[in-house]
Amino acid sequence: MSTTAVRTLVSTSAKSTGRGRAAYWAVFALVFLAFTAAFVFPLYWAVTGAMKSSAELVRTPPTVVPEEWHPETYREAWTGLDLWLYFRNTVVVVVGAWLVQLMVAVPAAYALSKLRPKFGKLVLGLMLATIMLPAAALLVPTYLTVVDVPIVHVNLLNNPAAVWLPAAANAFNIYVLKRFFDQIADELVDAARIDGAGPLRTLWYVVLPVSRPVLAVVSIFAVVAAWKDFIWPLLVFPDPGEQTLSVALQRVAPDVPTNYLLAGLVLAGLPMVIAFVVFQRQILAGLTAGSLKG
Amino acid sequence: MTAVDTPRTVRARRSEEDTAPSRSSDRFRRRLAENLTAYGLLGGALVVFAVFSWYPIVRGVLLGFQQVDFVGSPEWVGIDNFRTLFADPLFVTAWLNTLEFTAYALVIGFAVPFAVAVVLNELRHATAYFRLVVYLPVMLPPIVAALLWKWFYDPGPGLFNSALGAVGGPQPQWLDSTSTAMISLVLVSTWANMGSATLIYLAALQTIPGELYEAAELDGASVWQRLRNVTIPQTRFVLAMMLLLQVVATMQVFTEPYVMTGGGPEDSTVTVLLLIYRYAFVYNDFGTASAMSVLLFVVLGVFSAAYLRLSSREG
């Protein structure tokens, strides 16, 4: 993007001569230091803090580099704080939420986009109407619904489905997928139908293979949101044995030694940081596409 | 548009071709089958939306006027829940605190990312690094950010006061003082969320045609004038959208006060959502919690409607 000099607020020539050049490098150095201090140093502080001894951790002024390294704190926290259990619970909740969202939204968006049933527009409108509703205002009634699901009268508390099913009622997914499917030529779908393929086969063999980019966007949003969520899991997993990392860490925070808590925080954040470094391009593309058009 | 037009033309053509009644019942059967397939595919979405979205919306409003216990059926109590709410001194406190949080978040959390994006857009080195690190906190679970910063804020061996002490700066009490607790929460929330706003602004800045800056410069406009008369008008739409989104998001603030202060000290960080949480899950008074939710819903509804109007006009 910035390889060929794009004209911005300050012209390239103003930045490359004499005083302008000095000013450019001064601003660059300032931004570089500020960003490193604000966004990298806190993470360094947490990662190394977990490896300090309890005594070193409360020292004032603190040591910038640990005097004694205790990397085993991570291993001890993993087993001692049952982090492995909360980690497993989180993975179950997140992967389930992702799969259920795709299984619900993909066929629905396909039906609305390509099969266009009677009242399809009304259904779409009712779904999109929920997109801007503040989730916070719906916490109480949704909680009461999960405690006693209408008609079937099941209590979903302490069950991962308490996260999966409400997560699947996501209008953003339907909207993004339908917009993408709308751009797939009807001829492609019709050709498959004339060849004798039913709607499900058409969806699976014709539509989905060309929909990888949009599936990636929906998947990333689903996984990141589920991993980051706190208030909803806090409400629906009162049983400590079923809690996700976020809920469990918050529960044990007041009672555990700081270095163990730090190890837990680092381990809870690590998968998302790794995922970001690996999928940076897709995540950032999804961010700007989703925000500017959604 | 095409979604409406195509089936109509197809239908028109077909009715010219076959007029026999048997054929028309064939066609009816085929259309019925098509509709059934479509609704079969829509079934999962219809069920989850009905049960976990549409039903709770209606029920949320009704609950505001009901008293529920988990034994009997809900009882209608008129506006009693609202009376209870208005009689609670924390009701006004919670709204004022939430407004304070939103106001600070707009001053800091709205201005800072835009300023950062404008500066980043001028830099030609290490751009990938800047984008990477500014977004890192966005990926962290909010609990991780909140608990980390709670540790940083520790007035004793905490990172911030140690760093301030090293340069002879002041030693604020951060979360422990009524005067700084709220701003401390705003700082965490800004740190954790500014990455997405920054990158969205950056994307918007890159769509501004360079000729506009050239022309302004030829007319003798200074950097500030160009910023005011080119950059800001050209990104007005994105700025307005983000402003509304941010108001809606910050008025629902919960995780930071819940984890870092518990609403204290002296109720100075009790927010609307924290009060809803207390009514519902501490006092088990779901009716009053719902009454508060209805009020929040109405207030945020205004901003949401403005957002939708804006986005549909431009999109």
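Modeller: A residue counts as buried if 20 or more other C-beta atoms lie within 10 Å of its own, as exposed if 12 or fewer do, and as partly exposed in between. The structure discussed here is a predicted model.

Colleague: Is Asn158(A) buried, exposed or partly exposed?

Modeller: Asn158(A) is found in the loop between helix 7 (139-147) and helix 8 (161-168) of chain A. Although Asn158(A) is not a glycine, its phi is positive, at about 65 degrees. The count for Asn158(A) is 14 other C-beta atoms within 10 Å, and therefore the residue is partly exposed.

Colleague: Where in chain A is Arg116(A) found, and what is its phi?

Modeller: Arg116(A) belongs to the loop between helix 5 (83-115) and helix 6 (120-128) of chain A. With 16 other C-beta atoms within 10 Å, Arg116(A) is partly exposed. Arg116(A) is not a glycine, yet it has a positive phi of about 45 degrees.

Colleague: Which residue is joined to Gly264(B) by a cis peptide bond?

Modeller: The omega of this bond is about -10 degrees.

Colleague: What distance separates the C-alpha centres of domain 1 and domain 2 of chain A?

Modeller: The domain assignment places domain 1 of chain A at 12-75 and domain 2 at 83-293. The C-alpha centres of these two domains of chain A lie apart by 35 Å.

Colleague: Which helix of chain A gives the largest share of the side of domain 1 that touches domain 2?

Modeller: In chain A, 9 residues of domain 1 are in contact with 9 residues of domain 2. On the domain 1 side, the elements giving two or more residues are helix 2 (18-49), helix 3 (54-57) and helix 4 (72-80) of chain A. This side of domain 1 divides into 5 nonpolar, 3 polar and 1 charged. The largest share, 3 residues, comes from helix 2 of chain A.

Colleague: How far apart are the centres of the two domains assigned in chain B?

Modeller: In chain B, the assignment gives domain 1 (2-63) and domain 2 (83-314). Taken over C-alpha atoms, the centres of domain 1 and domain 2 of chain B are separated by 43 Å.

Colleague: Which helix of chain B gives the most residues to the side that touches chain A?

Modeller: Between the two chains, 89 residues of chain B are in contact with 84 residues of chain A. The side of chain B that touches chain A comprises 61 nonpolar, 21 polar and 7 charged residues. The element that gives the most to this side, with 21 residues, is helix 2 (residues 21-63) of chain B.

Colleague: What percentage of residues 87-278 of chain A is helix?

Modeller: For these residues of chain A, an unreviewed UniProt entry lists "domain: ABC transmembrane type-1". The end C-alpha atoms of the stretch are 20 Å apart.

Conventions:
Residues are numbered from 1 along each chain as its sequence is written. Chains are lettered from A and ligands numbered from 1 in the order in which they are written. This is a predicted model: local features need pLDDT of at least 70, side-chain atom pairs count only at pLDDT 80 or more; totals for chains, interfaces and linings use all residues. Domain bounds come from an automatic or database domain assignment. Two residues are in contact if their C-beta atoms, placed from the backbone, lie within 7 Å. Helices (H or I, at least four residues) and strands (E, at least two) are DSSP runs, numbered from the N terminus. Ala, Val, Leu, Ile, Met, Phe, Trp, Tyr, Cys and Pro count as nonpolar, Asp, Glu, Lys and Arg as charged, and the others, Gly among them, as polar. UniProt positions are given in the numbering used here, feature names are shortened, and annotations may be inferred rather than shown by experiment.
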